[in-house]
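Subject: Handover of a structure and notes on it

Dear colleague,

Please find below the structure that I am passing on to you. My notes on it follow.

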Amino acid sequence: MDLTTCSCRNRQCDRYGLTGGQARLVHAGWRHGALRLECVDCRHRFSARVGTAYAGLRSPELIFQDGVRQLAEGASIRATARNIGCDKDTVAQWLPRVGRHCQRLLDYCLRDLHLTECQLDELWTFVYKKEKHLTAFEKMLGRYGGSSLPGHRGELEGATAAVLAVENAYYGDVFEFAAAYAVYIVLGHVFGAGNKRTGSAAALVFLHLNGVDVDRRPAELLDRMLELQKRAEATPPPSASDLVSWFAGWLGGR
Ligand SMILES: [Zn+2]
């Protein structure tokens, strides 16, 4: 840990907020695995972790760092927990902790910037996208026409987000699990088109693979998916878990 950025936390102290050579801090032992510092001027003691992403952390620092690195690489909460031998609920608490700290850090570092130019990566993507980089959906558009339907998340990113959302939540039974696939695909605008078809197919295939075959007329399924979309787009937006319970009830014939 870089101690040159630490400063006395006592607002009454003359050295409050001063860092580096201006701060007069000495080591004052350890508590809960965290180094404590003492201000030589006012004798105020505080943890060296105050104001960092480690503040109040109970897990060992190295395990926390390892876990956060894996989350940043896109590993799921469950996979990260398995890899580092921690409980998944512990890892789940790290995400908002690190997220909040990153936001504070960026707010602190990226301010009063006077920009004279800006890189147009996105424009390049739309104007000069090469044929071989087109997605299957874009190729279909070129061949059969239609609009490019802005607002969807892109097949890979959207589908991955939907799978993670399903994987990282708790479900009471197989119907809720299946319903979650449909809900997150519809709710997340995963694909440029066909989200209702893909979502319902994902739910039914999941049930089939788990030994449950849902016997419903196609027209009934279509009605249900249209209703799901209507509810998903309502204001105020519904919670995903409410939609999951509602759809699961229908799948399970309840
Ligand atoms: Zn002080």
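What share of the contacts in the protein with a separation of 6 or more is accounted for by residues 24 or more positions apart? The figure is 50%, where two residues are in contact if their C-beta atoms, placed from the backbone, lie within 7 Å.

Two points on reading the notes come first. This is a predicted model, in which local features need pLDDT of at least 70 and side-chain atom pairs count only at pLDDT 80 or more, while totals for chains, interfaces and linings use all residues. Residues are numbered from 1 along each chain as its sequence is written.

Overall organisation

The protein has ten helices and three strands; helices (H or I, at least four residues) and strands (E, at least two) are DSSP runs, numbered from the N terminus. Along the sequence the pattern reads β-β-β-α-α-α-α-α-α-α-α-α-α. Of the 254 residues, 19% are buried, a residue being buried if 20 or more other C-beta atoms lie within 10 Å of its own, exposed if 12 or fewer, and partly exposed in between.

Nonpolar cores

A nonpolar core here is a set of buried Ala, Val, Leu, Ile, Met, Phe, Trp, Tyr and Cys residues joined through C-beta atoms within 7 Å. The largest one has 25 residues, and those with the most contacts inside it are Ala-179, Tyr-181, Ala-182, Val-183 and Phe-247. Helices H6 (155-167), H7 (174-187), H8 (195-209) and H10 each supply at least two residues of this core. H7 gives the most to this core, with twelve residues. Apart from its neighbours within four places in sequence, Tyr-181 is in contact with Ala-162, Val-166, Gly-199, Ala-202, Ala-203 and Phe-206. A second, separate core consists of seven residues, including Cys-6, Cys-8, Leu-25 and Cys-39.

Helix packing

Helices H9 (residues 218-232) and H10 (residues 240-251) pack at an angle of about 170°, with their axes 11 Å apart. Axes are lines fitted to C-alpha atoms, for helices over the stretch in contact, and angles run from 0 to 180 degrees between N-to-C directions. H9 and H10 are therefore roughly antiparallel to each other, a term used for angles over 145 degrees. Arg-224, Leu-228, Arg-231 and Ala-232 of H9 make the contact with Leu-243, Phe-247 and Trp-250 of H10. These residues divide into five nonpolar, no polar and two charged; Ala, Val, Leu, Ile, Met, Phe, Trp, Tyr, Cys and Pro count as nonpolar, Asp, Glu, Lys and Arg as charged, and the others, Gly among them, as polar.

Helices H1 (residues 61-72) and H2 (residues 77-84) pack at an angle of about 145°, with their axes 10 Å apart. In this pair, Ile-63, Asp-66, Gly-67, Gln-70 and Leu-71 of H1 meet Thr-80, Asn-83 and Ile-84 of H2. The contact of H1 with H2 divides into three nonpolar, four polar and one charged residue.

Backbone details

Most residues other than glycine have a negative phi, and most peptide bonds are trans. The peptide bond from Thr-235 to Pro-236 is cis, with omega near -5°, and Pro-236 is placed in the loop between H9 and H10. Arg-43, in the loop between strands E2 (34-39) and E3 (45-47), has a positive phi near 65°. Asp-112, in the loop between helices H3 (88-109) and H4 (121-128), has a positive phi of about 50°. Arg-43 is exposed, with 11 other C-beta atoms within 10 Å; Asp-112 is exposed too, with 4.

With kind regards

Methods:
Angles under 35 degrees count as roughly parallel, over 145 as roughly antiparallel, 65 to 115 as roughly perpendicular and the rest as oblique.
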